[in-house]
Amino acid sequence: MNGFGKSDSPIVPTKQPNKVRALAAEAVEGRGLAKGNLIEQNVRRTQGRERMFSARDRVRIAARKDKRLRFTTLFHQVYDIEALRELFFQLKREAAPGVDGVTWRQYGEGLEEHLQDLSSRLRRGAYRAKPVRRAYIPKADGRQRPLGVTALEDKLVQLAVVRVLNAIYEVDFLGFSYGFRPGRGQHNALDALAVGLERKKVGWVLDADIRGFFDAIDHEWMVKFVEHRIADQRVVRHIQKWLKAGVLEDGEIAQSEGGTPQGGSISPLLANIYLHYVLDRWAHQWRRRHASGDMIIVRYADDFIVGFQHKSEAERFWTELRERLAKFRLALHPEKTRLIEFGRYAAANRARRGLGKPETFNFLGFTHVSGKTKKGWFQVRRLTMRKRMRAKLQEIKMELVRRQHDPIPEVGRWLNSVVQGHYQYYGVPLNLQALVLFRDQVKWHWRRVLSRRSHKATLRWGRMIRLAERWLPRPRIYHPYPNERLCVRT
């Protein structure tokens with residue numbers, strides 16, 4: 001195929017189950033998509049879309065066919081006006097503007113002229129990345145999380161690059177990586193983890209977190225990893241531009257010596273590429289070479305869980321993992337990384353040693369607990385993290401105070417959407433009691449705020465119950481059991 005060349009880059013390992021000689025612990029690791037479920041829609045609506053989808057399909061096929069192939073002609077798909085127009089309408093319309101102050105609606109007023117000018121600058125090499133505006137959002141522990149607000153044109157071009165690169169890297173990424181990937185989400189990672197813990201002989205769990213990962217990414221290593229697959233220097237240069245664009249804070253621009261700005265459209269993909277070479281491929285090879293017992297891995301962004309059958313292997317992996325990350329200027333968070341006894345044999349083993357119940361661990365907003373079914377089989381229970389629930393209730397309380405004198409129907413509609421969104425994420429089997437508690441607490445906070453609207457009397461519970469029935473949806477389970485969903489997708 002024209003434009004493709006080979007290099008001496010190492011062969012990327014293919015996706016395989018945890019143990020080739022045994023039933024896979026995480027069936028999704030070696031799976032293909034279910035028949036008919038494409039990674040991206042392939043419907044040809046216009047001549048331009050047909051051309052672009054066909055080009056990405058060819059890239060995807062070539063990437064799958066040859067794991068050492070380096071792609072030399074990709075950038076023409078980035079400055080294609082049809083592609084830029086389509087991506088523009090996928091942007092969030094109410095998103096905050098970047099350093100240029102341009103909003104989605106302002107850019108759309110002269111959309112065709114703007115896209116023509118942007119495409120021309122990309123072709124001529126006259127495009128310049130703008131600094132990222134630094135903003136802060138509160139975290140659950142009360143600290144502030146830095147967030148980068150990207151300029152609209154930068155966001156648009158980054159999305160175009162991401163869509164092209166996804167055709168390559170979705171072939172390379174391993175099955176236990178779930179964060180920020182098309183067709184995968186947090187509940188897919190949670191399902192894979194639960195099924196792996198229940199079906200494999202896991203007795204120890206390493207709950208790992210990389211400290212300040214997005215700020216610690218080394219730019220030099222990042223470019224080297226990208227060049228393993230991308231030989232089109234125009235794409236590489238634009239990635240370097242975004243990495244070096246700097247951050248605008250308090251009117252001053254600070255140059256970026258490392259990391260990727262959280263909030264940028266391309267940051268999640270770059271983070272996955274970095275961890276693919278630093279962690280995923282290494283862990284996959286470590287499992288095949290050193291693990292004599294069962295071992296499972298599930299990663300979502302910089303949070304990952306590794307399960308082991310033997311404690312000695314878990315301790316060895318932990319030691320070698322620290323050394324591996326240090327080579328690439330990363331480190332495990334000392335307070336958030338720990339090895340605990342967890343799994344189907346944990347309760348019996350701890351009781352034999354005179355210890356208490358197995359410890360729990362948190363992952364993607366859920367506390368994972370060792371439990372049993374009614375028939376006595378081991379079962380992983382996933383409960384809403386208390387810290388997450390308290391933080392969300394505090395956020396609702398503060399907003400209710402701000403809306404104290406707004407009309408009740410208006411506040412009720414807002415609460416309905418908030419509570420419904422909470423259910424849709426945390427509505428997993430065996431977590432109904434936590435959903436009921438969340439609704440009761442929201443109802444209690446709402447009654448307290450409504451009672452302060454008048455100095456005459458507090459709101460009676462009879463009326464509060466009627467308001468709750470009218471505006472607060474009843475708790476329900478939205479997600480199937482993990483093994484049911486994996487059987488459908490695998």
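Biologist: How many salt bridges does the count come to?

Modeller: This is a predicted model, in which local features need pLDDT of at least 70, side-chain atom pairs count only at pLDDT 80 or more, and totals for chains, interfaces and linings use all residues. Residues are numbered from 1 along each chain as its sequence is written, and side-chain values use heavy atoms, with hydrogens and water left out. A salt bridge is a side-chain nitrogen of Lys or Arg within 4 Å of a carboxyl oxygen of Asp or Glu. By this rule the count is 27.

Biologist: Is Arg121 buried or exposed?

Modeller: Buried means under 20% relative accessible area, exposed over 50%, and partly exposed in between (1.4 Å probe, protein chains only). Asp117, at 39%, is partly exposed. Arg121 has 15% relative accessibility and therefore counts as buried.

Biologist: How far apart are the end C-alpha atoms of helix H4?

Modeller: The expected span of a helix is 1.5 Å times one less than its number of residues. For the 14 residues of H4 (residues 111-124) this gives 20 Å, and the end C-alpha atoms agree, being apart by 20 Å.

Note on methods:
Helices (H or I, at least four residues) and strands (E, at least two) are DSSP runs, numbered from the N terminus.
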